[in-house]
Amino acid sequence: MIDSELFPEVYVMRRIGQGLLVWLVLVCSVAASELDKDLAQFRKDVLDINRRLLLLEEELLFPADTQLAVFVSLDVGKYFTPDSITLKLDGKTIDGHLYTDREVKALKTGAIQKLHTTNIRNGSHELTAFVSGTGPGGREYRRAVSLQFEKGSGRHFIQLRMEDDAAAQQPVFVFRSWQ
Amino acid sequence: MMVRAGVLLLILTLLPSPVTAARIDQPHQVVDPGYGAILFEYYQQHWFAAMSEALMALETGTLPTQRQQAQVLLGALYAHYGMPDEAEALFRSLLADAVDPALAPGIWLHLAELHYRNQRFAEALELLDDQIGTPPAELLRSFHALRTRVLMRLGRFEETGAALAHVEESSLSAYLRYNLAVSRINSGDGNAGTELLWQVVNLVPGDEETNALKDRAMLALGVHYLRSGEGARARNLLRAARLEGPYSEMALLLHARAWIDSEQPVRALGSLQALATRSLQFEETQEALLSLPWLYQLLGDASRAAAGYRDAIQRYTGHYRYLAELEKKIRAGVWFSELVQEPVWSTAMDALPAFTPARVESFPTFRQLFASHQFHTRWRDYHEQLRQLHLLQRWQQRLPAIEEMVAAQIRKHSQQVPMAEAMLRALEQAGWPARHNQLEEKFRHGQQSNDLAMFASEEELRLLAALEEAETLINRWPEKIKPEIRERFTLQKGLLLWQLQENMVPRQWQRERELRDLAPLLADMDDLSERVARAARGDSHRVIALGHKLAGLYNELALLEQRGDDLLQRQQQAIEVLALRQITTTRDRLKAFTAESWAGLGDLQNAILREQRSRSLDEDQSALPRSSE
């Protein structure tokens with residue numbers, strides 16, 4: 001080790017070096033704090049512009065008066081795990097979706113999927129969902145479920161609820177429709 | 001030796017817990033599909049998408065009943081996403097707005113977590129104790145996990161032990177188990193701590209992460225045994241440590257130290273020799289290079305000690321030069337560009353893809369830096385920044401299409417609104433309500449005047465007209481009409497009038513109903529025309545607003561991209577500063593080790609010389625004639 005009495009110059013230089021290091025660390029931490037603040041502000045601005053663009057896009061693609069949004073939920077999911085869903089509106093296929101494990105897990109945890117958004121005219125319509133997946137006892141399970149609904153003015157929402165019927169030990173598929 | 005072990009333990013203790021803060025990851029009742037859609041992204045760890053979904057839902061009013069829940073979730077996402085000020089502002093506004101009492105403890109917990117992250121530990125503890133006190137069952141684990149971490153940071157280890165009692169150990173992840181073990185040891189409960197550490201050590205070997213954690217737990221145990229004076233247990237444990245993986249060098253060094261502490265230095269040689277052959281990029285190798293000649297000297301092997309010191313000085317010098325080259329590469333930005341690998345994108349809203357530093361030549365030099373929380377945060381932020389820039393670029397690409405859609409809407413507006421206005425004018429000119437009123441008036445008049453013709457059918461009207469014509473003719477030439485014909489005519493007329501009179505009530509009722517049915521039709525038409533008028537007016541506002549919204553977006557996106565690029569540069573510089581700081585520290589250590597090596601070599605040569613001199617003196621003295629004799 002260097003003794004300060006024997007090597008005063010070296011000792012002083014080392015102390016200066018240590019001081020500089022401390023100063024550098026302080027300057028860096030202040031800069032890092034500023035950077036974090038700027039990053040947070042940038043993220044806020046990106047989120048804001050992203051929100052505005054998404055709303056603008058939705059407004060252009062799906063105006064409120066003609067919009068139909070279809071949601072899917074899975075209540076418990078003990079007797080059914082979805083693999084895929086195909087949607088038909090007035091006899092025409094409008095969407096199909098294959099589920100990933102993460103999506104199924106999210107649905108089982110209580111999330112609701114916004115499966116499809118489209119435009120339709122006011123009046124009577126029929127929505128059909130073809131659902132396939134794994135049913136009770138690990139068997140392949142397919143079901144089709146239909147809903148006749150009247151589209152009025154304003155947004156229309158339909159939710160396909162895949163629920164467990166504990167008494168029958170079977171899944172049940174029901175539509176809920178509201179405006 | 002013990003100081004170093006203590007420092008290691010302190011570092012291990014202060015490493016942030018990988019357990020995330022209170023998350024809404026338990027199934028709970030979802031009423032609003034808008035809220036469920038946010039959770040759909042959240043549960044898949046699509047943080048950015050979840051935030052965007054939440055912001056849109058809050059603005060479009062699709063959360064009639066779960067608005068506050070969505071706000072709490074948004075706040076938690078802000079906090080997780082490096083926007084603590086936004087999160088705090090949102091939580092405080094929720095608490096100020098008489099939030100649902102069931103949500104309040106969760107919000108206080110999030111606020112305490114924010115204080116903890118900002119190193120305001122006393123404030124965090126105050127919130128936990130004063131505002132929450134007794135947490136609801138669903139927050140119990142998160143509450144006590146956070147409280148434990150806060151107490152640890154405050155250095156209140158005795159209370160940490162009490163707080164840990166609330167955490168159910170069987171449900172802990174390996175990481176939390178490890179952290180708990182270290183904090184228990186720090187709080188003086190060594191037995192409980194070592195028990196937990198042994199659980200981690202005895203985990204079934206698995207992926208690289210699990211194996212590294214097992215190694216780390218083994219080292220922590222070794223350090224604990226060394227500190228407790230249980231050298232033999234420490235040695236046995238460290239002997240079983242793996243000779244590969246990120247903690248193998250530290251294990252070898254500790255193993256050597258355990259033997260030296262046990263005053264059996266010869267048995268430390270193997271570990272130190274093995275360590276000395278490894279890359280000088282590891283701190284442990286640097287230390288071993290200095291310890292090895294010292295050990296040779298201790299064991300009386302002066303020549304190997306001298307060779308060891310010289311080897312150490314040579315390798316330190318070489319490494320010093322390597323660091324100088326590396327510093328140049330860092331300052332030129334070459335190091336960073338080598339380190340960053342091109343990320344693989346799916347969509348800009350997805351979770352972050354794996355983004356690990358490339359295994360470049362200098363990777364081992366910064367092994368500890370790469371494992372540090374500071375680097376990890378900066379590295380993740382850098383990637384997040386890249387992703388956001390990617391998102392902005394995608395919007396830039398989509399903006400012309402949006403512009404075209406707006407233009408189409410404007411075209412449609414300019415075609416349809418005049419059509420609608422023309423239809424409304426025609427409708428107004430037709431004056432349907434006035435005509436309806438006239439009909440009603442006419443009906444009332446006919447009803448009051450008992451006007452049979454008004455309620456007759458077309459056939460009856462034709463008959464009535466024919467009878468009236470016949471009557472006119474009869475009256476014109478009465479002499480030419482035979483009496484029986486006149487009688488028949490009178491009978492026919494009487495019959496028709498009787499028939500009309502007989503059905504008068506149902507006929508009037510029929511007409512009245514028809515008039516009544518017209519009223520709602522007219523009301524519907526009125527409503528429809530009002531809606532068309534409103535739509536035409538509203539569409540004008542909408543189209544104008546669309547134009548305005550679009551006008552600024554090009555510039556805003558370009559400016560944001562510019563800002564993003566600048567921030568990306570600053571983040572790169574921040575990471576480079578971290579690397580340079582480590583180089584400075586390593587260089588200082590190398591300087592000190594080199595000086596120590598020179599000093600050791602000097603001392604050694606001095607000792608050899610003194611020994612040689614004393615030996616020659618002894619020989620000289622023994623060779624001298626004994627004068628006294």
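In this predicted model, four strands of chain A make up an open sheet with mixed pairing, ordered β4-β1-β7-β8. Its edges are β4 (112-119) and β8 of chain A, each of which pairs on one side only. From one strand to the next, the twist averages 20 degrees. Strands here are DSSP runs (E, at least two residues) and helices likewise (H or I, at least four), numbered from the N terminus; two strands count as paired if DSSP finds at least two bridges between them. Angles run from 0 to 180 degrees between N-to-C directions, with axes being lines fitted to C-alpha atoms, for helices over the stretch in contact.

Inside the sheet, β1(A) (residues 67-75) and β7(A) (residues 156-165) run parallel, joined by eight bridges. Along this pair, A:Val70 sits opposite A:Ile158, and A:Val72 faces A:Leu160. With β8(A) (residues 170-178), β7(A) pairs in the antiparallel sense over nine bridges; here A:Glu163 stands opposite A:Val172. β7(A) and β8(A) form a hairpin with four residues between them, and A:Gln169 in the turn has a positive phi of about 50 degrees.

Helix α2(B) (residues 33-43) lies across β1, β4 and β7 of chain A and runs at about 115 degrees to β4(A). Contact means that the C-beta atoms of two residues, placed from the backbone, lie within 7 Å.

Residues are numbered from 1 along each chain as its sequence is written, while chains are lettered from A and ligands numbered from 1 in the order in which they are written. Local features need pLDDT of at least 70 and side-chain atom pairs count only at pLDDT 80 or more, whereas totals for chains, interfaces and linings use all residues.
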